[in-house]
Amino acid sequence: MKHTSVLTRYIPSPIRFGTGLFTIVLPILLTSPASASQTVTPNAAALEQQENNRDIVRRAFDAWVAGESVFGQILADDVVWTIHGSDPVAGTYTNRQDFVEQAATPLVSRLVTPIKPVVHAIWADNDMVIIRFDGSATTTTGTSYENQFVWIFKMQEGLVIEAEAFLDLAAYREVVDNNPVKTE
């Protein structure tokens, strides 16, 4: 399996600035003296770790589908979790407890069924794992909560140490603002 740098796949060459007589053409210089057409082959240990990271995340999502908590299984206690967007819940949480209490609980406490993930893809590259999935549940008022997610995990020793989350924060806010907290 060959690995091609993301830069060599997505950055066109050359770059042009200006028009007419004032056009400047700049070649793209990579930080490595290797040409853009060369590929890097990770060593066997790196490939094994990459696949191990993917399997850890896949097993956690399989457990989530079966009704278990994904967070307790794979998040480091001191995980740094960033939710991107402009909603008040967006921001960076510096440990699992803060993330669960301030971001997950406000939503989950307004659902009468657990969020059921449907995983579309799990990609792994070195210590990074990307998951694209949909999630759905029923709110305390009986309406449906549906969202689409992309989570990007940085793994270390089998745990997520950094996470970035992309989701429809309007759907999140709709549930939090318009549904009462469930009573046990």
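Predicted model: local features only at pLDDT ≥ 70, side-chain atom pairs only at ≥ 80, totals over all residues.
Residues are numbered from 1 along each chain as its sequence is written, and side-chain values use heavy atoms, with hydrogens and water left out.

Let's start inside. The largest nonpolar core holds 39 residues, and Trp 81, Ile 83, Ile 131, Trp 151 and Phe 153 have the most contacts within it. Such a core is a set of buried Ala, Val, Leu, Ile, Met, Phe, Trp, Tyr and Cys residues joined through side-chain atoms within 4.5 Å; buried means under 20% relative accessible area, worked out with a 1.4 Å probe and protein chains only. Take Ile 131: leaving aside neighbours within four places in sequence, its contacts (heavy atoms within 4.5 Å) include Val 57, Phe 61, Val 119 and Trp 151.

Now for the rings. Rings of Phe, Tyr and Trp (its six-membered ring) pair if their centres lie within 6.5 Å, with planes under 30 degrees apart called stacked, over 60 edge-to-face and the rest tilted. That rule gives 13 aromatic pairs.

| Pair | Centre to centre | Angle between planes | Type |
|---|---|---|---|
| Trp 64 and Trp 151 | 5.9 Å | 10 degrees | stacked |
| Trp 81 and Trp 151 | 5.1 Å | 85 degrees | edge-to-face |

The Trp 81 pair ties strand β3 (residues 75-83) to β7, 70 residues apart. Helices (H or I, at least four residues) and strands (E, at least two) are DSSP runs, numbered from the N terminus. Trp 81 is buried at 1% relative accessible area, and Trp 151 is buried at 5%. Trp 64, Trp 81 and Trp 151 also sit in one aromatic cluster, whose members include Tyr 93 and Phe 99.

Phe 99 brings us to helix α4. Phe 99 is one of its buried residues, along with Ala 103, Ala 104, Pro 106 and Leu 107. These buried residues pack against α3 (70-74), β3, β4 (91-93), β7 and α5 (169-178). And where does α4 bend? The bend is about 30 degrees and falls at Gln 102, with Pro 106 following within four residues; the angle is taken between axes fitted to the seven residues ending there and the seven starting there.

Note on methods
Buried < 20%, exposed > 50% of the residue type's maximum accessible area, 1.4 Å probe, protein only.
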